[in-house]
Amino acid sequence: MDTAIVVFTRDLRLHDNPALHLACARARQVVPLFVLDPAIAAPALRPNRARFLAESLADLRASLRERGADLVIRRGDPAAEVMALAAEVHATAVYLAGDVSHYAAGRRRQLERECARHRIELTLTPGLTVVPPAGLKPAGGGHYRVFTPYWRAWRAAAWRAHYPVPRAIAMPPVEKTGRLPAKETASPGLAPGGETAGRQQFVRWRQRLLAGYGDNHDDLAGDATSRLGAYLRFGCVSPLEVAIGALDRPGGEEFCRQLAWRDFFYQVTAAFPDIARKNYRPGAAWHDDERALDAWRAGQTGIPIVDAGMRQLAAEGFMHNRARMITASFLTRNLGLDWRHGYAHFNSLLADGDVANNAGNWQWVAGTGNNTRPNRVMNPLRQAQRFDRSGEYVRRYVPELSGLDPAWIQTPWRLPPARRVRLGYPGPLVELS
């Protein structure tokens, strides 16, 4: 094979990139390509992911240039842009990592049609998850609907080989490599994008916090989670490489269980692509309350632990996983509002927001998804007592309450009326006990 195109999508890395490795092994020349599709490029609606993507592409381009290649950037319909570049460089093969969303499935089908029409070989590769979405099946067929048996199968599965970084990449001349997207204004505390930053974050976290992950990952103020979500979402780090690098260390088993949850929701989404639009299974009847929804979005519900989570999201494009569950439970169970409102808001701000995990977790909390206890309600006061006993997490993100001691910080509505007024903090939307 003379020339192949590698279409980067959500695998913005050189380490353990099956599509890039296989193309370099089989073709004399390789052209790395990323297509900015106007159909999903909406930075004004999703500024944090737009910023993270721009930085990730810049880092990928720099890494490719160090190895003698470059990242070609095109704007338009992915299939059309791939075919145009294939004609320019006389490519006979295209490599693409598999994905499970509605959009990704449509992109794959278009590429399959166009590659067949132009007699170009299309190879789909793994890499989005540790275990491919179709890699594990229950004995009765279909997909796993419950996590625990999936986790047992995931833990026993044989993982694919790890792919090394190509030492050099021969690339044919391309008339215009294209401009990187502009860096959009984003949340002030947003993490930097890119493979370099992602690998550094993993190494730092593994050295300092992995050993205590099982005991500390739910501690809201301690912030002991890996913060790898956005790097995994954009493929700046390989989930397989992360799993290999963590599993045999203290705390690794507990952390890999979270990676398995991620894989679990990908295989659910592969079987139920409407997961972000429709209930996975029947749920409660929701009601409308725009005032309550706006207060929830703004972190002004009057419930400190909920407001802290929502304000962390706005400030950082990230929310601690325990806070995600608390805020989601409050919206759906305490306010009785449709989980799709929450999914949309999270999707607008989360740097790590993707269809499978965002929608899968929202449906899990709302009781319409894969939760074996669909009527579970997370009382925010009890959650605060367990996971933010001193109130440090609330103080960090709700500064109006920073002067309160632990006896009052989670229940400021119980203060004397005059002192409540001086705080400038709203009363609770609902009564809690």
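Contact here means heavy atoms within 4.5 Å. By that criterion, and leaving aside residues up to four places away in sequence, Trp296 touches Thr301, Val306, Met310, Thr327, Phe330, Leu331, Leu335, Gly342, His345, Phe346 and Trp362. The model is predicted: local features need pLDDT of at least 70, side-chain atom pairs count only at pLDDT 80 or more, and totals for chains, interfaces and linings use all residues. Residues are numbered from 1 along each chain as its sequence is written, and side-chain values use heavy atoms, with hydrogens and water left out.

Trp296 is also one of the residues that touch the most other members of the largest nonpolar core, which has 131 residues. Such a core is a set of buried Ala, Val, Leu, Ile, Met, Phe, Trp, Tyr and Cys residues joined through side-chain atoms within 4.5 Å; buried means under 20% relative accessible area, exposed over 50%, and partly exposed in between (1.4 Å probe, protein chains only).

The structure holds 22 salt bridges, each a side-chain nitrogen of Lys or Arg within 4 Å of a carboxyl oxygen of Asp or Glu. One of them joins the side chains of Arg10 and Asp99 (3.1 Å, N to O). Arg10 lies in the loop between β1 (3–8) and α1 (18–26) and Asp99 in the loop between β4 (93–97) and α4 (102–117), so the bridge ties together parts 89 residues apart in sequence. Helices (H or I, at least four residues) and strands (E, at least two) are DSSP runs, numbered from the N terminus.
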